[in-house]
Amino acid sequence: MVSTAIGEYATSLLVHEEGDATGLVREAWLIRVTGVVQGVGYRPFVYRLATSVRLSGWVLNDTLGVLIEACGPESALRDFVVALTERAPPLASVDTVRVRRRRRAEDAEADRDFEVRSSRHVPGASAVTTAPPDAHVCAQCLRETLDPADRRYRYPFTNCTDCGPRYSLIRSLPYDRSRTTMTAFTMCEPCATEYADPGDRRYHAQPNACPDCGPTLSLHGPGGQLAEREAALAGAVEALATGRVVAVKGLGGFHLAVNARDGEAVARLRRRKGRAAKPFAILVRDLTAASEVASYGPDEATLLTSPARPVVLLRKRPGALPEAIAPRLPSLGVMLPCTPLQHLLLHEGGFGALVMTSGNASGRPIVFRNEDALDQLTGIADVFLCHNRDIEVPVDDSVLWCTRHGELAEPVVSLLRRARGYAGSVIAVAEPAGAPDGAVLAYGAQLKATVTVGRDRHALVGQHVGDLDDAETLAVHRKAARHLGTLGGAAPRYAACDVHPDLQSTRLAETSGAVDIVRVQHHHAHMASCMAENKLTGRTLGVVFDGTGLGEDGTIRGGEYLVGDASRVERAAWLRPLRLPGGDAVIREPVRTAFALAIDAVGSGAAARSAFPALDVLDVFDDRASQVLETMVRRGLNTPTASSAGRLFDAVSALLGICPYAEYDAQAPTELEALLERDPTMAEPYPYDLVPGPDGLEIDHRPIVRGIAADLAEGARPPHVSRRFHSTMVSLVVECCVAVGRAGGPRQVVLSGGVFHNEFLTVNCLVELRRAGFAVYTHRLVPCGDGGISLGQVAVASARLRTRTQHSRGTPSA
C-alpha cells in the first residue's frame with residue numbers, strides 16, 4: 001500500500017496512454033530522487049531492485065541527488081517507484097521522488113542490462129542535497145574487525161555503504177571518492193573489486209579500504225613517532241591502562257581520553273585542561289556496560305544505539321565512577337562506540353569505560369589535524385594516537401537528553417549540541433526555505449554558532465562550531481559557511497544574520513558577497529527555528545527564554561513572549577529587566593546579577609546581605625569595592641538592563657550559594673537544576689506579578705526574590721528553594737500564555753531559547769500548557785539554544801524575501 005505523498009504523486013501522474021490496461025507494454029520513466037541518497041548505498045540498492053524485477057536502464061548520482069531511467073512494464077515500474085522510498089537503505093532518507101514518462105521504450109533498448117553510471121555535475125544546480133551524516137560502524141563491519149580470519153581483522157577503518165565516515169570527509173558533491181579526503185588512498189585489487197561490484201555491500205563505499213591500501217594509525221609522544229599500525233594501538237591501550245592521557249583522533253576530530261575508573265587520571269586531565277567543573281563524557285562498550293554506570297529507559301537506549309551515536313545524559317549510578325567526571329550533577333554523558341577504533345580501544349584494554357572529552361584547549365575549537373594536535377594538546381596529552389585520513393569538516397560529539405512524563409504520549413528530547421551523526425542532514429520545512437531566485441545562507445549566533453543553507457523546502461544545518469570570540473573558531477566558522485554553501489548546490493544568493501552589528505557572525509555575512517543581507521532579531525530567530533523544524537505556519541505565540549539578544553530597538557532582551565509568524569512578530573510580554581553590573585562580566589560572575597537582583601527586591605546592599613547569606617561571597621570585595629558595586633547598580637553605571645530569563649536563573653543559583661562564579665556556559669542554572677535530581681514533581685510556586693502596560697505585560701519577579709528570602713529565613717534548604725523557583729517559572733509561563741490568549745493571542749505555542757534546555761522547565765511547561773488547551777511545541781532536531789539560531793534566520797529571511805518578491809510582482813502575499 002502506498003502511504004506517502006510520493007506514492008500518491010506517482011499514482012496521479014502516471015496514467016495510461018493508448019488505453020494500455022495490461023501493464024505489459026514497456027515504458028521508460030525518468031525518476032528523480034532527492035534527500036539523503038548519496039553515500040548510503042542507494043545506487044546499488046536501485047541496481048538490485050531494478051534487476052530483481054527485470055527492469056533495464058541506469059542510475060547515477062548528480063548534484064541534485066539520484067537520477068534513474070527505468071524501462072519495463074508499467075506495473076513493474078509503479079512497484080519500483082514505491083519501493084524507492086519504502087525499501088530504501090537504512091542510512092538513506094528519501095525526501096522526494098518525481099517521475100516523468102520519458103518515451104515509449106523500444107524493444108532494442110529495453111533488452112539492455114540495468115547499469116550504474118558515473119556521477120555527473122549539473123551546472124547551476126541549487127537543490128539542497130548532501131551526503132548523509134557520519135554513522136557508527138555497522139554490525140557486519142564490526143564482526144569483520146573482530147574476526148581473526150578476516151582480512152580486515154583489527155583494522156580501525158573498516159566500513160561499508162551502511163556505515164562509517166561521510167560528512168566529515170566530503171569536499172563537494174556529487175559524493176564520489178575523488179571529492180573526499182579518501183582520494184589520497186588508491187584501493188588495492190580486492191578493495192577495488194568490492195567497490196566495483198553492485199552486488200557487494202561495499203559497492204561505491206567511498207571510504208572503502210583495508211590494511212593493505214587504506215589509512216593507518218601512528219602513535220606519537222613528545223619526542224616524535226613511537227609506533228605504527230597495530231603497535232600504535234597497543235601503545236595507546238598501555239598508556240590508558242597506566243593512567244596516562246591519550247589524544248585519540250576520531251571521525252571528526254580529537255578526543256582526550258583516560259581510564260574513567262582511574263580517579264587520579266581523571267583529576268590529572270582536569271588539571272591539565274584547566275577544567276575544574278565542566279562534565280566529561282564517557283565511552284562504554286555497549287548497553288550492558290552503560291547500565292553499570294547509569295540508568296536509562298527504552299527511549300534513551302534507542303538514542304544510544306542509533307546511527308548517530310550521540311552522547312546521552314543518563315541518570316548516574318552513585319559511586320559507579322569517580323565523582324570528578326561530572327561533579328555536582330545527577331547525570332552522566334554516555335556514548336557507545338561509533339568507530340572500529342573506539343571498539344578496539346575498549347576491547348583490547350578491557351576497559352569498562354573511558355573518558356572521551358573534546359580534544360581542545362579551553363575556549364578553542366576541537367582539534368582535527370595531526371600537526372595541530374601535537375602543537376596545541378602537548379602538555380595535556382601524554383601520547384597521541386593519530387591516523388593519516390584527513391578530516392575535511394571537524395565535527396564534535398552530539399549531546400542530548402531524553403525523558404518521559406506520565407502525561408505526555410511522546411518522549412521529550414532536547415539536543416544540546418547538534419554535531420556528529422546529525423550535522424549535514426536536511427530538515428524539511430513547511431514553507432519554502434530560500435528566495436525564489438536563490439538560496440539563503442544563515443550565519444547563526446555569536447555563541448554555539450552553526451550555519452544553515454536553505455533552498456526550496458529544505459534547510460541543510462551544519463555542525464556545531466562554537467563561540468566566535470576565538471579567532472580559530474571564527475576561521476572554522478568561515479570555512480563551514482563556504483563548505484555548506486558548496487553542498488547546497490550553488491553559492492547562496494542571500495545571507496541572513498543577527499541584527500547586532502558587532503557580532504562576528506554578522507560581519508561574516510556582510511563580507512560574504514551575497515547580493516542582499518537580511519538581518520533577523522535574535523529572539524525572532526529562536527521562535528522561527530522551532531516553528532520551522534515542527535513545520536508550523538500561521539500566527540504563533542513564541543515563549544523565548546535565553547541569556548541575552550539585541551532587540552531591534554537597541555534594548556537587551558532574554559525573556560520574551562512574541563506573537564507573529566516567520567515574517568514578523570510583536571512583543572506581547574516580557575520579564576522585568578535585570579541590572580547586569582559590569583555587562584558581560586555577569587556571565588562568569590553570576591553573583592553580580594544576584595547582588596543587583598537582591599537590591600532591587602529588598603532595598604539595599606545591607607538588606608541583600610542579610611536576606612541572602614550566600615552573598616557573603618561578596619566578601620571577596622573590600623568594603624569600598626562593595627559600595628562601588630552598589631553605586632553602579634543604583635546609578636546604572638556600566639550596568640545595562642536585560643529582560644533575561646537566563647540571567648534570572650544565574651542570579652537565583654548565586655543567591656543560594658550554588659554557583660556564584662561560573663567556569664563554563666550555563667553552569668549556574670545547570671547546577672541549580674541539578675538539585676532537583678531529574679524529578680519533575682512540581683511544588684508551590686512563589687508569588688509574582690503580571691503588570692499590564694500599553695505595549696503588553698511585564699512579569700515582575702521581585703516577589704519571587706522576596707519569597708526565596710523568606711524561605712531561607714525559615715531554614716529552607718537549596719533543593720527545596722530550587723524546586724519552588726523552577727515551579728514558579730513554569731507557572732508564569734503558563735499564566736502569561738493564558739493572558740496573551742485572552743487578549744486575542746494564538747493557541748499555537750513554541751518554546752525556544754537556551755533556558756529551555758532545562759528538563760524540568762520544558763517538560764512541565766509542555767504538560768501544563770497542554771492542560772490549559774494550547775498546542776505546544778519544542779525543539780527536537782536542532783538545539784533550542786543558539787545552536788538553532790541559523791535555522792530560524794533562514795526561515796525569517798526566506799519569508800521576508802518571498803514577501804518582497806510578491807510585492808515587486810504586484811501579487812498579494814499569502
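Me: Which residue meets glutamate 671 in a salt bridge, and how do I read such a pair?

Reply: Side chains of opposite charge can pair when their charged atoms come close. Here the partner of glutamate 671 is arginine 328, with 3.0 Å from N to O. A salt bridge means a side-chain nitrogen of Lys or Arg within 4 Å of a carboxyl oxygen of Asp or Glu. Please keep in mind that this is a predicted model, where local features need pLDDT of at least 70 and side-chain atom pairs count only at pLDDT 80 or more, while totals for chains, interfaces and linings use all residues. Residues are numbered from 1 along each chain as its sequence is written, and side-chain values use heavy atoms, with hydrogens and water left out.

Me: Is glutamate 671 buried or exposed?

Reply: Buried means under 20% relative accessible area, exposed over 50%, and partly exposed in between (1.4 Å probe, protein chains only). Glutamate 671 counts as buried because its relative accessibility is 3%. Arginine 328, at 49%, counts as partly exposed.

Me: Which residue forms a salt bridge with arginine 770?

Reply: That is glutamate 410, and the closest N and O atoms are 3.0 Å apart. Arginine 770 lies in helix H24 (residues 759-771) and glutamate 410 in the loop between strand S16 (399-403) and strand S17 (412-417), so the pair ties together parts 360 residues apart in sequence. Arginine 770 is partly exposed at 34%, and glutamate 410 is partly exposed at 28%.

Me: How many salt bridges does a search of the whole structure find?

Reply: The search finds 46. Some are linked: Glu144, Arg151, Arg152, Glu194, Arg201 and Arg202 form a network of salt bridges.

Me: What about nonpolar residues: how many are in the largest nonpolar core?

Reply: In soluble globular proteins, nonpolar side chains tend to be buried together. A nonpolar core is a set of buried Ala, Val, Leu, Ile, Met, Phe, Trp, Tyr and Cys residues joined through side-chain atoms within 4.5 Å. The largest here has 71 residues, and those with the most contacts inside it are Phe545, Tyr561, Phe725, Leu732 and Leu769. Helix H23 (residues 718-742) gives the most to this core, with 10 residues. Apart from it lies another core of 59 residues, including Ala239 and Leu508.

Terms used: Helices (H or I, at least four residues) and strands (E, at least two) are DSSP runs, numbered from the N terminus.
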